[in-house]
Amino acid sequence: MTEFLLLGTVELRGTDGAAVDTGPAKQRTVLAALLADAGRWVAVETLIDRVWGQDLPAQVRPSLYAHIARIRRMLATVATPLDAGTDGAGAGPQLRRGPGGYLLDVPAGHIDVHRFRRLVEQARAASGTDAERVGMLREALGLWRGEPLAGLAGAWAERTRQSWEQQRIEAVLAWAEAEFRVGQHEGVIGALTDIVAAHPLVEPLAVALMRALQAAGRGPEALACYAALQKRLAQELGTDPGGEAQRVHQAILRGEPAPPEARSPQPSAEPEAGRAVPAQLPLEARGFTGRQEELARLDGILAVAERPAAVMVSAVSGTAGMGKTALAVHWAHRVADRFPDGQLYVNLRGFDPSGAVVTPDQAVRGFLDALGVPAPRIPVDLQARVGLYRSLLAGRRLLVVLDNARDADQVRPLLPGAPGCLAVVTSRNRLTGLVAAEGAHPLALDLLSPAEARALLAHRLGEHRVAAEPDAMQEIITRCARLPLALAITAARAATHPVLPLRAVAEELRDSHGSLDAFVGGDLTTDVRAVFSWSCHALSAPAARLFHLLGLHAGPDISAPAAAALAGLPLRQTRGLLVELTGAHLLTEHLTGRYTLHDLLRVYAAERVLAEETPQERGRAVERLLTWYLHTTDAAYPFFTPDRRRVPLDPLPASCHPLAFSAYDQALEWCESERPNFVAAVRQAVAVGRPGIAWQLPATLWGFFYLRSHLQDWLDTTRTGLDAARAAHDRVGEAWGLMDMACALTQVHRYEEAIDHFRQVMVLCRELGDTVGRCQALSNLGYVYRRIGRPDKAVEYGRRALVVNRGLDYAWREGTILVNLGDAYEQLGRCEEAIGCLKEALTVVRTIGDSWIEGIALDILGTAHHRLQRYDDAVEYYHQALDTQADIGNQWGQAHTLGNLGDVHLAAGKPDAARKSWQQALAILEKVRHPDAEEIRERLRRLDELPPDARPDPAADREASPTTPP
C-alpha cells in the first residue's frame, strides 16, 4: 500500500515499496504539516506559520502555492487506490482546496504516526491478554525509524518532534510493563538502553531499565544505571531521583525483586466528568476601553489556536503602567467560553520590587492544584511536575494566562505542550527568546493613541464633561503622557469630585513636577511620581498612611485583616480605607477581600513610607504584621495537628488580634490563600532581625505543609528559619528547625539527610534537657527506617522512643509509637508481637479519642491476622477500621483498607467478595485521582485472568504502608 512516513525522515512510498521524491526541505515541511492533520482542513495561515514561522519570505503565499502544486503532482504518481476496502479508501491520496484551507485526504492507517497512535490506543483499551498488548505495542514502536520529521527545521517541527517523542516514551514504558508481565525481561533491555541514552533525564525510562536488569539477574548493571541517573539529575537539574527510582534501588541493594511499579493512569483515560475545570481569571478591570487593534490581533491568534493541531502562544509586552494585564484579563474574560476546560492564571511577579518572583516550580504546583491533582500525586521535582501538567492539558482546551513574566525561561515550563490550548504571556520584556524558539506571536503595547486616551476619560467621566472642556482634557492627556495607569488614576480623582472643573484637575497636574512626556523612554518609577503624589494628596490622611504602610508588606497581596494588623487599626475602619484606595485606583481588589498594588505603585508606596514614617513606626508596623501572621497560624495549628505539642511563642500582645477558626476547612482555606505571604514573611522576619518569628512561623505551619504536600515551601521556609536560629545562637529554635527540616526531607524521600538531621536533634535535645523532643526524634527515626525497608532498625528506635515516652506520660506520642512499632513487627513477620503492640496502641488512642490513629491500628491488625491465616479475625478488624475511617472522613484510609480486605477475601477463597472490595476501593481512589488506583486495577486484572485454583495470596508480598507521619 502507499505509505506516508513521518517517524524518521519524511518519505512517501508507493504500492511497490519504492520511495517517491518528496522534494526540498520546505516542500517536505508543507507535506508534513498537511499529514499531521490528514483528513482535516488546515488553514493557509496555519500552513504558513508551520512552514516559515516568523521568517516569512516576501512572496510567502506564492511560495506556498508552488509547493502545493508540486505535492499534487507527486501524489498523482501514486494515484492507485489506497488499499480499497481497508479504512474506507477507494481512491488515491488527494489534496483538496476549500474555504477551510487545504485537506489532504489520506486514510490514517497509511500514515505511520497515526497508525502508531491507533495501535497504542488499542493496546491501552485492549481487554485481552498481555501477550496481545505486547504484540500491538511492538508493532507500534517498530514504526519508528529515528528522529521524527528528521531534517525539518522551524519551531513547529521542533514542537511536534517533542510531542511525538513524549508519546513514544509513554508507549515504550507501556510495552516494557506488558513484557514484564509476560516474563520477557531480557527482551526489553536493549531497546530501553538505547532510549535511556537518548533521553537521559526521563526518570521512568531509567527505572524500567533497572527493573529489567534486576529481573534478568544483572543486579550490578541495574545499580550502575541508578548511579548514572543520580549523577545526571544532580548535574543537570540539581535534584535527586524520585521515590519510584529510590524504591527500586533499595530493593536491588537488598537483593530483592524490584517492587511493582506504581505508575499513575494516563490522564487521557480519565472520564470527562471527573475533570476539574479551573476558573482562575482575576476580576476584570472596570471600565476597560480602547485597544481595539490589539484585541483584534488576539482574536486572530485564537482563530488559529482553535484548529486541531495548533498550540499557540501570544507574548504581550510593554513598559510598566501600559495596561498589559488589563488587556490580557479583559480579552481572557471575553473569550473564556471558547475554553470549556477552564482558564489558568498566575501572576509571575517578574518585576516585583520585593524580589519575590514566582518560580516555575511554584507556578506549576498552583496549576496542578487548580486542575484537581491530589497533593500526594504531585511530584517533587520540576521536570516531573511539568510532565504531569502537560499530560493533563493534552486533549483539552484551556486558556493559560501568564502575567508579568520576567523572561522566557520563567515561562517555558508553564506553556502547554498539546494542541487546543492557548497561552497569553505579559511582560515588560519583549520575550524575543519565546518568539524565536516557541513561535510566540509578539504583541507590543504602546501608549494609547490620543483618541483612545480621550475615549478612556469620556468613558469614566462622561462624554458631556469631557466635551465641555476640550483644552483641559487635552492637557490632562498630555501630562499623563497617554499612559493608561496615569490616566486611570487621574480619572478616578476627577470622578470622585464631579463638581471640580477639569481645568482645576489639569492645573493640579501642572503643579506636580511638570510634564510626564519622559514616560516614552525614561524611568517610569521617577516620572510617574507626579501623578501618584497628586492622587495621594487627594486621599484622607488615614488612607494615605495605609497606602504608605502597604509599601512595607513583602507578600504578593494582602487581606483586610492583615492590612488592619499592619496599620494597627480596627478591621472595620481598615475596610473603609481599602475601599477609598480602591476607588482612587491606587489599590486593586484582584480577588474578593484580597488586594494588590501595581508594581509602580508598590515602589512609590515604599518610597513614601520611608519619607513619611519614622524608623520606629516602620519597625512597629512590620512587627505587628509578622506577629499577626504568627499567632493566626498558631490558631490554625491545632486543626492540622491536634495532639502535637505547640510551638513555644511569646505571649500574645494586647494590640494583636489574630483570626480565630471554628473548623478545619476554614483554617485550611485561610492557609491556602496566605501561603505565598508566609514564604515572604519568613524572609522578611530574617531581614528585619526577628529570627524567632523566622523559625516559629514555619514551625506553626508544620501540619498545613505536611497535609497539603506543599513540600518546596516547607523546605524553603524551614531552611530559612533554621539558618536564622543558628545565626542568633537560638538553641531551642535550632532544635525545632532541625526536627521540622528532617520531617520535610523525609517527605521528599531524602532519607539519609533526614536521618542525619534527626540524630542532630537528639544530641541537641539532650543538651537542652528536652525529653519530648528527643522522644519525637527517636520515633521519627523509626518511621524513616521503616520507610526505607529497615524494619529491624525501626523496631530498635521504636522501643527506645517508647521507653523515653513512658517517662513523660505523653499519650498521643505513645499511641503513634506503638502503631509504628506494630507495623515494623508485622513487616518482620513477627505478627504476634505486632498484634500485642497494636492492641496496646488501641487502648491508648481510644482513651484520648484519636480516631485517626485508631483506624490505622485496626487496619494493621487486620493485616497481621491475615498473615497468620486467621481470615475471619482479619475481616473483622478491617471492618472496624472502615467504620472508624468513615467517621472521620479518611477516604484514602478507607480505600487502603478495602484493598487489604479484598486480599484477605481472595486468600480465603472468596473471589467475588474480593472483587467487590477492590471495586469499592477503586471507586474511592479514582474519585480523588490517587496513584494507588492503578495497583487496585492490576489486582482486578489478575483476578480475572487467573484460574480459581491458581489465585495467590496478595499479602505475601505486602509493601510497607506509610502509616503515621513523623
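I started with α41: 13 of its 17 residues are buried, so the helix is largely enclosed by the rest of the structure. I took buried as under 20% relative accessible area, exposed as over 50% and partly exposed as in between, with a 1.4 Å probe and protein chains only. Helices (H or I, at least four residues) and strands (E, at least two) are DSSP runs, numbered from the N terminus.

The model is predicted: local features need pLDDT of at least 70, side-chain atom pairs count only at pLDDT 80 or more, and totals for chains, interfaces and linings use all residues. Residues are numbered from 1 along each chain as its sequence is written, and side-chain values use heavy atoms, with hydrogens and water left out.

I checked the span of α41, residues 891-907: 25 Å from first C-alpha to last, close to the 24 Å expected at 1.5 Å a residue. The expected span is 1.5 Å times one less than the number of residues. Glycine 909 follows α41, with a positive phi near 80 degrees.

I then looked up α36, residues 791-806, which reaches 22 Å, close to the 22 Å expected. Its buried residues include Lys793, Tyr797 and Asn805.

Next I went to the cores, meaning sets of buried Ala, Val, Leu, Ile, Met, Phe, Trp, Tyr and Cys residues joined through side-chain atoms within 4.5 Å. In the largest, of 115 residues, Phe547 and Leu581 touch the most other members. Apart from it lies another core of 78 residues, among them Trp144 and Trp164.
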